[in-house]
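Biologist: Please take one part of this model and look at it closely. I would like a connected account in short sentences.

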Amino acid sequence: MSFIVRRLIFYVVAAWVALTINFFIPRLVPGNAVESIMSKFPNLQPAAYRAIEAMLGVGHPGSIWHQYWAYLVDVAHFNLGTSTSEYPAQVSTLLGEALPWTIVLVGTATVIAFLVGTALGIAAGWRHGGGLDRVLPGLMFLQAIPYFFFALILLELFAVKAHVFPIAQGYGQGLIPGWNWPFISSAIYHSLLPALTIVLTSIAGWMLQMRNVMITTIGEDYVVAAQAKGLHNRRVVLTYAARNAILPQLQGFGLAIGFVVSGALVMEIVFSYPGIGLLLINSVTSNDYALTQAIFLVITFAVLLANVIVDIVIVFVDPRARAREATR
Amino acid sequence: MTIAPAIGTELTAVTQEATQPGWWRRMPTKAKVGVVLFGLFVLTAIIGPLVTPYDPSYQNPSPGASMNAPSAAHLLGTTQSGQDVLSQLLVGIRLTLELGLIVGVVATALAVIVGVTAGFLGGFWDELLSLVTNVFLVIPALPLLIVLLGYFPNRGEAPTIIVLALLGWPWGARVMRAQTLAIRNRDFVAASRETGERTWRIITFEIIPNEVSLIAASFVNTVLYAIGASVALAFIGVADLNSWSLGTMLYWAQSQQALQLGAWWWFVPPGLAVALMGTALVLLNTGIDELGNPRLRDASSASRIAGRWLKPADPTPVLSEISLRRNGFAGFLHSFSRSSLLDKAEAGEGR
């Protein structure tokens with residue numbers, strides 16, 4: 001069986017674990033959606049309990065296995081229940097509205113941060129002890145700042161004090177989302193500061209990781225041999241050292257993507273950016289359990305998908321993987 | 001007669017002087033800065049709540065006390081409802097640090113148990129535990145934390161600690177397992193096995209003492225994760241909002257529009273405290289890394305011999321060529337992991 005197929009099976013297992021956790025949480029932890037609505041409207045009669053249950057579709061008829069199967073079927077059909085905070089909107093509709101914002105913003109910013117950070121890491125690793133090493137403590141500080149706090153600082157500097165960037169929202173007021181230039185340009189303008197936040201805070205991590213791998217790789221004999229042959233420095237750095245140092249970096253990317261996405265979600269709140277993160281906080285504050293759980297699933301699946309892409313890239317970049325794909 | 005004890009005391013003083021600075025000087029500069037910075041925070045956490053100028057929850061009803069910029073009476077200004085920011089900060093540092101350290105201890109203990117067990121037992125148990133570890137590594141923690149804590153009726157400190165610790169162990173377990181794999185075939189382990197030591201004794205007295213530096217690094221990382229996650233959770237509002245932690249301070253600052261009202265003294269101090277605490281931990285960790293791998297040290301640690309700068313050589317790699325024979329179900333489980341790609345034996349068999 002090829003590497004990719006085996007990895008896909010692993011991700012299916014991971015997805016199944018996430019789905020199962022998601023199924024059992026509301027059944028094991030005290031508190032539920034119906035009770036939170038009942039407590040919000042104290043004048044409701046106890047008899048209304050069943051009615052609310054039926055309205056939300058959260059009644060639990062049948063055995064636990066029957067429920068579990070029904071739940072899996074529902075998820076497969078994107079039937080994720082009804083939102084209580086924006087009743088009677090379907091959870092899947094709300095997700096569909098918010099998801100593109102987050103995917104475009106977080107996806108683009110993360111890829112840019114990864115590429116720039118890796119390039120800087122190559123430079124810092126090669127010129128070990130040089131100028132880039134002197135900014136390392138500063139970068140560690142950037143890395144340790146919570147995303148949302150950095151977002152607050154950027155907002156204070158560039159939106160409140162300097163009025164260079166808009167203070168909130170995903171696009172200008174009075175615009176209708178669609179494929180027209182005024183809307184798209186406004187959306188890009190509004191996404192610059194959030195994107196800058198993600199890039200600046202996550203770049204340090206990629207850079208430090210790449211730098212450390214580069215330093216270890218440069219000590220290898222084949223790099224010394226390449227230099228001894230009199231090859232051009234650029235060729236030694238890029239095709240000998242960096243070429244091999246990028247593999248652990250890619251594996252690290254797969255593992256760290258969950259952290260970056262989580263940080264970016266909290267950051268969206270600061271910018272009131274109309275993505276998944278803002279939806280998540282609204283669902284949490286209004287005890288909209290169906291929506292919260294659906295968002296957890298969507299984020300998990302997105303991170304798994306990103307990992308699948310990383311694995312495919314690894315197969316393309318790592319000759320060992322390609323050789324084994326070919327021989328099997 | 002009086003000379004003897006004098007010499008004795010002098011001797012101990014001398015040896016202390018000889019070892020103490022040596023140990024401190026051997027530490028990389030980054031680690032030193034990290035230790036000092038983190039020590040300052042620990043001191044603040046211990047002393048801070050005892051010397052708060054005001055009760056952090058006291059709301060000054062007079063309208064003149066609301067949203068004051070820093071002044072002599074309120075060194076870091078006041079909030080919308082006239083609460084003293086400095087007092088909140090001092091109390092908040094303790095709560096946040098306390099939570100981070102408790103989660104660090106519990107999660108690192110879990111990581112050691114899972115990682116060492118997997119690495120030492122090997123075979124089926126190793127692959128099963130590794131699979132579980134990898135699954136929990138790939139599922140993003142923060143959304144799961146939010147979902148789990150969202151269901152707790154009172155989102156207090158105890159549930160937060162439990163849930164953070166339950167989700168914080170996989171990184172450490174991964175590292176711990178790799179190290180255990182590397183040392184479990186060493187001679188001293190084989191020797192103690194031959195003398196008939198019991199498995200738990202080998203693990204606690206032979207294996208774990210050899211992993212202290214890794215456990216320390218993993219602990220530092222876990223505390224960093226716990227502080228970051230708990231502050232983010234509180235900022236979202238998934239926390240006990242009546243207690244004062246750095247996260248809840250930021251939550252109230254955000255929800256009461258501190259930014260839009262220009263009250264930088266309200267949200268900058270707690271955020272800066274989190275960032276500095278995190279920096280201290282990152283520095284500490286880089287220092288621990290550099291202790292283990294001298295190549296990573298900056299050029300200043302290179303020594304000058306006969307006019308040439310020489311860098312210290314690489315120590316024995318932790319993950320040297322470990323060839324593990326995997327067969328049966330264990331091999332089957334392992335083939336699903338990303339690291340299966342790097343197996344030499346398997347790669348050779350393809351040719």
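Modeller: Let us start with Trp200(B). This is a predicted model. Trp200(B) sits in helix H9 of chain B, which covers residues 199-207. Is Trp200(B) buried or exposed? Trp200(B) counts as exposed, because it has 8 C-beta neighbours inside 10 Å, and a residue with 12 or fewer falls in that class.

Chain A has its own H9, made of residues 181-218. H9(A) holds 38 residues, yet the C-alpha atoms at its ends are only 48 Å apart. A straight helix would reach 56 Å at 1.5 Å a residue. H9(A) also has a kink of about 35° at Leu192(A).

Next, the two chains together. Contacts join 61 residues of chain A to 47 residues of chain B. H9 of chain A is among the elements that give two or more residues to the side touching chain B. Others include H1, H11 and H13 of chain A. H1(A) supplies the largest share, with 11 residues. By type, this side of chain A has 36 nonpolar, 16 polar and 9 charged residues.

Ser272(A) lies between H11 and H12 of chain A. Its phi is near 50°, a positive value in a residue other than glycine. Ser272(A) is partly exposed, because 13 other C-beta atoms lie within 10 Å.

Terms used:
Residues numbered from 1 in each chain as written. Chains lettered and ligands numbered in written order. Predicted model: local features only at pLDDT ≥ 70, side-chain atom pairs only at ≥ 80, totals over all residues. Helix = DSSP H or I, 4+ residues; strand = E, 2+ residues; numbered from the N terminus. Expected span 1.5 Å × (residues − 1). Bend = angle between axes of the 7 residues up to and from the residue. Contact = placed C-beta atoms within 7 Å. Nonpolar A, V, L, I, M, F, W, Y, C, P; charged D, E, K, R; others polar. Buried ≥ 20, exposed ≤ 12 C-beta atoms within 10 Å, placed from the backbone.
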